Amino acid sequence: MKSKLKILILALSVAAAGACGDGNQDSSLRANAEGVSEFQANILNEGELTFSGYEKAMLATTECIREGGHKVADLELLDETFYAFSVEGSGPEVDAIVGTCEAEFSGEIQKVWANQNAAEPENESAFYQSVADCLRENGMEISDSSPGALAAAQATDEALYLSCFDAALTS
């Protein structure tokens, strides 16, 4: 059975909405680099997380998963900003290798990248509403377009959720 596991961080906007910036990106990145793997710390300690650094981390993550014996689709660039990929299979073994590889190569970098590229609050609301509308149009009952309701929708039908998420990103 092929199960899509897209690493996109739905919590992108959720994490970013709670992030406070002091305008000093360099000190913020250095703080994020504390307590992470050497690989991620080296990227974050450069003072600015560039697309190239983000891409390097995501490529290393997918390569790690492949080396762990799992088939991984090539990275897919969504909305010219965020990478997603799918892993063939599902279950605890897949979750464990993805978690291990993200912890080593991209976990903190994904959070920093999401914070840097968060939607403006007015756009964020419209984005969430677009995802919720798509879910409803495809037969899913969803109470509202809050991040919590969308997370519950993802847990209910991940394939439909990801399809709607992708559609909202490209609209």
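## Nonpolar cores

The largest nonpolar core of this predicted model has 24 residues, and those with the most contacts inside it are Y54, I65, F85, V87 and I109. A nonpolar core here is a set of buried Ala, Val, Leu, Ile, Met, Phe, Trp, Tyr and Cys residues joined through side-chain atoms within 4.5 Å, where buried means under 20% relative accessible area, exposed over 50% and partly exposed in between, with a 1.4 Å probe and protein chains only. At least two residues of this core are supplied by each of helix 3 (38-44), helix 4 (51-67), strand 2 (82-84), helix 5 (92-105) and helix 6 (107-116), and helix 4 gives the largest share, six residues. Helices (H or I, at least four residues) and strands (E, at least two) are DSSP runs, numbered from the N terminus.

Apart from this core lies another one, of 20 residues, which includes L78, L135, C164 and A168. As a general background, nonpolar side chains tend to be buried together in soluble globular proteins.

## Contacts around I109 and A57

Not counting residues up to four places away in sequence, I109 touches Q40, I43, L44, L49, Y54 and A57, a contact being heavy atoms within 4.5 Å. With the same exclusion of residues up to four places away, A57 touches F39, I43, F105, S106 and I109.

A57 lies in helix 4 and, at 0% relative accessibility, counts as buried. The C-alpha atoms of A57 and I43 are 8.4 Å apart in space, while the two residues are 14 residues apart in sequence.

## Disulfides

A search of the whole structure finds two disulfides, the criterion being a pair of cysteine sulfur atoms within 2.5 Å. When the bonded cysteines of the chain are numbered in sequence order, the pairing is 1-2, 3-4.

C134 lies in helix 7 (residues 121-137) and C164 in helix 9 (residues 158-170), so the pair ties together parts that are 30 residues apart in sequence. C134 counts as buried at 14% relative accessibility, and C164 counts as buried at 0%.

## The chain as a whole

The secondary structure of the chain comes to nine helices and two strands, and from the N terminus on the elements run α-α-α-α-β-β-α-α-α-α-α. Of the contacts in the chain with a separation of 6 or more, 62% are accounted for by residues 24 or more positions apart.

Buried residues make up 42% of the 171 residues in the chain. The chain exposes about 8,900 Å², of which carbon and sulfur atoms supply 48%; accessible areas come from the Shrake-Rupley method with a 1.4 Å probe, and for residues only the protein chains shown count as cover.

## Basis of the values

Because this is a predicted model, local features need pLDDT of at least 70 and side-chain atom pairs count only at pLDDT 80 or more, whereas totals for chains, interfaces and linings use all residues. Residues are numbered from 1 along each chain as its sequence is written, and side-chain values use heavy atoms, with hydrogens and water left out.
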